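Subject: Handover of a structure

Dear colleague,

I am handing over to you the structure shown below. My findings follow it, and I would be grateful if you read them alongside the sequence.

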Amino acid sequence: MEDQKNQTENPASPADTTPKVTGIGGIFFFTDNPKETREWYAKNLGLDTNDWGSTFKSRNVNNPEEVDSLQWSPFKSGSEYFAPSKKEFMINYRVQNIEGLVNNLKENGVTVVDEIVAYEYGKFVHIMDADGNKIELWEPA
């Protein structure tokens with residue numbers, strides 16, 4: 001136990017690059033009127049909303065200098081962004097080593113919907129879980 005504590009507190013320790021989920025990056029759901037939904041949440045629950053929804057910021061417990069974010073976004077009902085899923089929601093998971101994770105998923109027979117795409121704010125790919133839910137994987141830049 002003491003060895004584990006020293007490994008997490010020692011900044012000289014090698015970074016963990018295990019392909020895995022490290023947190024939730026976003027919650028996306030369908031609504032008939034995204035604008036009204038954003039306004040309702042702003043008025044009644046105090047969310048600071050914009051055209052994309054609302055972003056919640058937090059500090060990484062293991063690295064307090066790192067600021068993480070969770071994106072909350074209502075999408076217009078029927079949006080193709082969730083396809084091929086027929087569900088009314090999609091979860092975005094924050095990951096590390098997205099390339100290694102996608103390789104592991106393919107080896108496990110998981111359906112990978114698209115190719116990894118890189119933007120200035122990170123890399124994304126979509127997969128399907130065993131229940132037909134589309135999942136977005138995001139490795140922050």
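Which strands do the buried residues of H3 pack against? They pack against strand E1 (20–31), strand E5 (89–96), strand E6 (111–112), strand E8 (122–128) and strand E9 (134–140). Contact here means heavy atoms within 4.5 Å.

Please note first that this is a predicted model, in which local features need pLDDT of at least 70 and side-chain atom pairs count only at pLDDT 80 or more, while totals for chains, interfaces and linings use all residues. Residues are numbered from 1 along each chain as its sequence is written, and side-chain values use heavy atoms, with hydrogens and water left out.

Overall arrangement

The protein chain has three helices and nine strands; helices (H or I, at least four residues) and strands (E, at least two) are DSSP runs, numbered from the N terminus. Along the sequence their order is α-β-α-β-β-β-β-α-β-β-β-β. The C-alpha trace spans about 50 × 40 × 30 Å along its principal axes. Of the 141 residues in the protein chain, 31% are buried, where buried means under 20% relative accessible area, exposed over 50% and partly exposed in between, with a 1.4 Å probe and protein chains only. Among contacts in the chain with a separation of 6 or more, 57% are between residues 24 or more positions apart.

Helix H3 covers residues 98–107, and its buried residues are Ile98, Gly100, Leu101, Val102 and Leu105. After the helix comes glycine 109, with a positive phi near 80°.

The largest nonpolar core consists of nine residues: Val95, Ile98, Leu101, Val102, Leu105, Val125, Ile127, Ile135 and Leu137. At least two residues of this core come from each of H3, E8 and E9, and H3 gives the most, with four. A nonpolar core is a set of buried Ala, Val, Leu, Ile, Met, Phe, Trp, Tyr and Cys residues joined through side-chain atoms within 4.5 Å. In soluble globular proteins, nonpolar side chains tend to be buried together.

Valine 102 lies in helix H3 and is buried, with a relative accessible area of 6%. Apart from its neighbours within four places in sequence, valine 102 is in contact with Val112, Ile116 and Val125. Its C-alpha atom is 9.3 Å from that of glutamate 115, which is 13 residues away along the chain. Valine 125, not counting residues up to four places away in sequence, touches Ile98, Val102, Val112, Asp114, Glu115, Ile116, Ile135, Glu136 and Leu137.

Aromatic rings

How many aromatic pairs does the structure hold? There are 11. Rings of Phe, Tyr and Trp (its six-membered ring) pair if their centres lie within 6.5 Å; planes under 30 degrees apart count as stacked, over 60 as edge-to-face and the rest as tilted.

Tyrosine 41 and tryptophan 72 form a tilted pair, at 4.6 Å centre to centre and 55° between the planes. Tyrosine 41 lies in helix H2 (residues 34–45) and tryptophan 72 in strand E4 (residues 63–76), so this pair ties together parts that are 31 residues apart in sequence. Tyrosine 41 is partly exposed, with a relative accessible area of 25%, whereas tryptophan 72 is buried at 10%.

Phenylalanine 124 and tryptophan 138 form a stacked pair, because their ring centres are 6.3 Å apart and their planes are at 15°. This pair links strand E8, which holds phenylalanine 124, to strand E9, which holds tryptophan 138, 14 residues apart. Both phenylalanine 124 and tryptophan 138 are buried.

On a 1 Å grid over the protein atoms alone, a pocket is an open set of points where a 1.4 Å probe fits, with protein on both sides within 12 Å along at least five of seven lines, and lining residues have an atom within 4 Å of a point. The lining has 25 residues, of which Phe28, Gln71, Tyr121, Phe124 and Glu136 lie nearest the centre of the pocket. The largest share of this lining, six residues, comes from E4.

Yours sincerely
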